[in-house]
Amino acid sequence: MAKRGGFPGGGMPGNMANLMKQAQRMQRQMEENQKELETKEFTARAGGGAVEVTVTGKKEVTKVKLSQEVVDPDDVEMLEDLVMAAVNEALRQAEEANAEMMGRMTGGLGLGGGMPF
C-alpha cells in the first residue's frame with residue numbers, strides 16, 4: 001500500500017530542508033538582534049534641552065531629566081507638553097531602530113507588510 005501525502009522517501013526535498021534551515025538561522029539572528037536592541041538606550045530632548053528623556057529598546061522610560069528653569073508652578077501644562085514631546089520622540093527613535101533592524105533582516109525576502117500566503 002502506498003503512503004499518502006508526504007514526500008517520497010519520508011524526508012523533505014533538498015530545497016525545502018534548506019529553506020527550513022535558513023528560516024531557523026534567521027529566527028536565531030532576529031532573536032539575537034532583538035536582545036541587543038532591547039539593551040540600547042534612546043535619548044530625546046524638548047524645549048531646547050530643558051527636558052531630556054531616555055528610553056530603552058524595550059520602550060521603557062529609564063530617565064527623565066528636567067532643567068530647573070522649566071519647572072514653573074504657574075505653567076505646569078508647558079512642562080507636561082515638553083515631557084510628552086520628549087517621551088514620544090525617544091519612543092519614535094526606538095521604534096525606528098527596531099524597524100531598521102527588521103528591514104535588514106527581511107530585506108531580501110519581499111515580505112512587505114505581511115506574509116505572502
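Trainee: Is Arg-92 buried, partly exposed or exposed?

Mentor: Let's start with how to read that. You look at the relative accessible area: under 20% is buried, over 50% is exposed, and partly exposed sits in between. Arg-92 has 40% relative accessibility, so it counts as partly exposed. Keep in mind that this is a predicted model.

Trainee: Okay. Which residue does Arg-92 form a salt bridge with?

Mentor: For a salt bridge, you look for a side-chain nitrogen of Lys or Arg within 4 Å of a carboxyl oxygen of Asp or Glu. Here Arg-92 pairs with Glu-96, and their closest N and O atoms are 2.7 Å apart. Both residues belong to helix α2, and being 4 residues apart, they are separated by about one helical turn. Glu-96 is partly exposed too, with a relative accessible area of 46%.

Trainee: How many salt bridges are there by this rule?

Mentor: The count comes to 7. One of them joins Glu-95 and Lys-59, at 2.3 Å from N to O. Glu-95 lies in helix α2 and Lys-59 in the loop between β2 and β3, so this pair ties together parts that are 36 residues apart in sequence. Glu-95 is partly exposed at 35% relative accessibility, and Lys-59 is partly exposed at 41%.

Trainee: What is the phi of Lys-59 near?

Mentor: Phi of Lys-59 is near 65°, which is a positive value in a residue other than glycine.

Trainee: Which residues are linked with Glu-52 in a network of salt bridges?

Mentor: Arg-45 and Lys-63 join Glu-52 in that network. The closest N and O atoms of Glu-52 and Arg-45 are 3.0 Å apart. Now compare the accessibility values: Glu-52 is buried at 15%, whereas Arg-45 is exposed at 52%.

Trainee: Let's zoom out. In what order do the elements of the protein chain run?

Mentor: Read from the N terminus on, and you get α-β-β-β-α. That comes to 2 helices and 3 strands.

Trainee: Which residues of α2 are buried?

Mentor: Among them are Leu-79, Leu-82, Ala-86, Val-87 and Ala-90. Asn-98 is also one of the buried residues. What covers the buried residues of α2 includes α1 (14–39), β1, β2 and β3.

Trainee: And how many residues does the largest nonpolar core have?

Mentor: To find a core, you look for buried nonpolar residues joined through their side chains. The largest one here has 17 residues, and those with the most contacts inside it include Phe-42, Val-51, Val-70 and Leu-82. The elements giving two or more residues to this core are β1 (41–46), β2 (51–56) and α2 (76–106). With 8 residues, α2 gives the most.

Trainee: Which residues does Val-70 touch?

Mentor: Leaving out residues up to four places away in sequence, Val-70 touches Ala-50, Val-51, Met-78, Leu-79 and Leu-82.

Trainee: Which residues make the nonpolar surface patch?

Mentor: Val-61, Val-64, Leu-66 and Val-71 make a patch of about 320 Å². Take Val-64: this residue is in strand β3 (residues 61–66), and at 46% relative accessibility Val-64 counts as partly exposed.

Trainee: Last one: what percentage of the protein chain's residues count as buried?

Mentor: Of its 117 residues, 20% do. The accessible surface comes to about 8,800 Å², with 52% belonging to carbon and sulfur atoms.

Key: Residues numbered from 1 in each chain as written. Predicted model: local features only at pLDDT ≥ 70, side-chain atom pairs only at ≥ 80, totals over all residues. Heavy atoms only, no water. Core = buried A, V, L, I, M, F, W, Y, C linked by side-chain atoms within 4.5 Å. Buried < 20%, exposed > 50% of the residue type's maximum accessible area, 1.4 Å probe, protein only. Contact = heavy atoms within 4.5 Å. Patch = residues over 30% accessible without salt bridge, like charges linked within 9 Å, V, L, I, M, F, W, Y side chains within 5 Å. Areas by Shrake-Rupley, 256 points an atom, 1.4 Å probe, with all protein chains shown as cover.
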